[in-house]
Amino acid sequence: MSIDPSRVRRFAHGSRVPGWDDAADLTKDPAVVPDPATTPVPEGLRAEVEDYMSRYPDFRSAAIPALHAAQRLHGWCSPTAIEQVACVMRLTPGYLTAVATFYDMFSTEPKGRHDVYVCTNISCSLRGADALYEAMVSAAGDDPDFHVQSFECLGACDIAPMISVDGEYIGPLVPEDCDRVVADVKAGRPVFDERQLRHRPVAEKLPVGGGAAPPPTPDRPAEGPTAAQNDVAGPKDM
Amino acid sequence: MRQLLFDDIDRPGLHTLAVYRRERGGYEMLQQALQMEPEEVLTQLQKSGIRGRGGAGFAMGTKASFIPHGDMDKYVVCNADESEPGTFKDRELMQKNPHLLIEGICIAAHAISANKAFIFIRGEYDLQATILEQALEEAKRANMIGDLDLWVHRGAGAYICGEETALLDALEGKRGNPRLKPPFPAVQGLYRGPTLINNVETLMNAPLILRMGGEEYAKIGTERSTGTKVVSVSGCVQRPGNYEIELGIPTRDIIYGLAGGPDEGRAIKCFFPGGSSAPVLPGTDENLDLPYDFDSMAKAGSMLGSGAIIVVDETIPIVDLALKTAKFYRHESCGKCTPCREGTNWTVKMLERINTGEATPMDLDIMASVQDQIMGNCLCVLGDAMAMPIASMIKHFREEFEAHIEAARERTGLGVSLPMANRSDHAGPGPLLQPDGGGATAAVV
């Protein structure tokens, strides 16, 4: 069987690997360490990055905290954000881009302000996380404020299936709950307050069967958690 | 059941310094340790026989004793990058009792005479990192931690950073790629200085060991698996959560007794005894009666790992489970070593072929041989962490895989495969030479 070469999709520079032409403009020289005189850096960001740099024996250790700070400020690790961090840290933008592209929490493409991570790993998917992810994607729709991402294990399998909204863990959820998640975020309320992980006591204090929604099966759709679980009081200040 | 770490952990305000000092005698053990010679503290840790709670199960005291003496900069790194699927014990411990961790780190730092320490916490644990930062700030202000330079460092989402050398690279501000070992971190770790890396739960046990004495602590649990262990039970159980147990109790007591077992009328198909990296054990009576400790799990062909039990009931198709597992490792492979980068990718592709009906039972042999070629051939154990569960699934549930393959072929109209006719030299070395006995599937047991 021969392959028709015209059917093989190729990118601008002839490579079959997608993204190679986005990652680097081959016609340009590599960017050097930005010149502080011509690179304006917001004062708050500069102070924060310099504070991180002072904590470590090697200033480069501050790369990840600094990128977190820049992403908070700019919404994503934009070329400007990376250039500003590079300017303060005296590193090349290439170094920081290499770091930013490695980690799941950094985005080198524009994204919505609100990070919604849906855990779709083993424990959560045993309890219907894939349906939850699809429901979350459709609930968020094409709202540019939301960045819905399916994520690997978020370390909260006790409230599976769960999602993390801007770092706040909530669960267990059923697909129908996604609309409320979106509404709560838009209204600026605490998202799904009664099912936040921070209120959850140790498992031994929960009734058996009330800890999470039972795993859904084709003949029996997922049910919500029992009322008993929602009444459990936890330390509110934690 | 004896509880050390989880004892009344929900007490309101335990995360504050005032309550921790008043109710738990907080930082007393650190003060006591600072009066002792570092060697004495180390001896107590060694006598306790505590083994690492992060996954490898290496004796903590022995690890600390590898740190060279002398005046160089030494580091303690707390591995709080809890990313093993099914594991969530450190999250609850850090959220509810952060000062115990800080005290434990300070004691470990004194034992090896380290002057700098970091808590590397995964970036997704925003709440826990904030609580730790507040607790640390409070402890520093009250002058509790002496002259130890301790910081909370947030990661940014990468499973590989739970591997100790990848964690060090991430902490140095690089991509989290594992390093070649040796040199081990105890000799040349963070910033090329001697570094002690321990899991959150291990370090939290240090103040408790000093309080009760190493020998007394060693009486809890079994002879070679001392102490208590926080077990995270998740998946198809009625009450998933963290439970503190004495090592050595029957696995059945954890899954059925504490976690409530699977839903009424369902049987356990298999379970991961120690996170998704552990080979699965079928839910037979024999396996459920195994004592839950490091050695018994190893003898049964699996491992205790991070102490995360993921229960899978009979309604879950094994192919879906294998695909989910393999996809996770494909996503998280850092790409540095070829066997892992390619092996995880091809395993996913072959499992997807099963669902699309393109596979034949021969694919199972090829898949098993791919796992065999990943094992032990990479810098770190991420590849092995996929190879072990996948190989164990093929080994224990081969018939279900084959039935699934045939059903999918039937569905897509490709017809029945002829497994024997397809078996040829092209299928790769290893398992085909000894289809039933040796080869890849048996090698990982």
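**Exercise 1.** Determine how helices H6 and H9 of chain B are oriented relative to each other in this predicted model.

*Solution.* Step 1: the axes of H6 (residues 98-111) and H9 (residues 200-212) of chain B come within 7 Å and cross at roughly 75 degrees. Axes are lines fitted to C-alpha atoms over the stretch in contact, with angles from 0 to 180 degrees between N-to-C directions. Helices are DSSP runs (H or I, at least four residues), numbered from the N terminus.

Step 2: H6(B) is therefore roughly perpendicular to H9(B), a class that covers 65 to 115 degrees.

Step 3: the residues of H6(B) that meet H9(B) include B:Leu100, B:Leu101 and B:Glu103, and their counterparts in H9(B) include B:Val200, B:Leu203 and B:Met204. Contact requires C-beta atoms, placed from the backbone, within 7 Å.

Residues are numbered from 1 along each chain as written, and chains are lettered from A and ligands numbered from 1 in the order written. In this predicted model, local features need pLDDT of at least 70 and side-chain atom pairs count only at pLDDT 80 or more, whereas totals for chains, interfaces and linings use all residues.

**Exercise 2.** Describe the packing of H16 against H17 in chain B.

*Solution.* Step 1: the axes of H16 (residues 362-374) and H17 (residues 382-396) of chain B come within 9 Å and cross at roughly 145 degrees.

Step 2: the contact involves, among others, B:Leu364, B:Met367 and B:Ala368 of H16(B), with B:Ala387, B:Ile390 and B:Ile394 among the residues of H17(B).

**Exercise 3.** State the extent of chain B.

*Solution.* Its C-alpha atoms fill a box of roughly 75 × 50 × 35 Å along the principal axes. Among contacts in chain B between residues at least 6 apart in sequence, 72% join residues at least 24 apart.

How values were computed:
Helices (H or I, at least four residues) and strands (E, at least two) are DSSP runs, numbered from the N terminus. Angles under 35 degrees count as roughly parallel, over 145 as roughly antiparallel, 65 to 115 as roughly perpendicular and the rest as oblique. Two residues are in contact if their C-beta atoms, placed from the backbone, lie within 7 Å.
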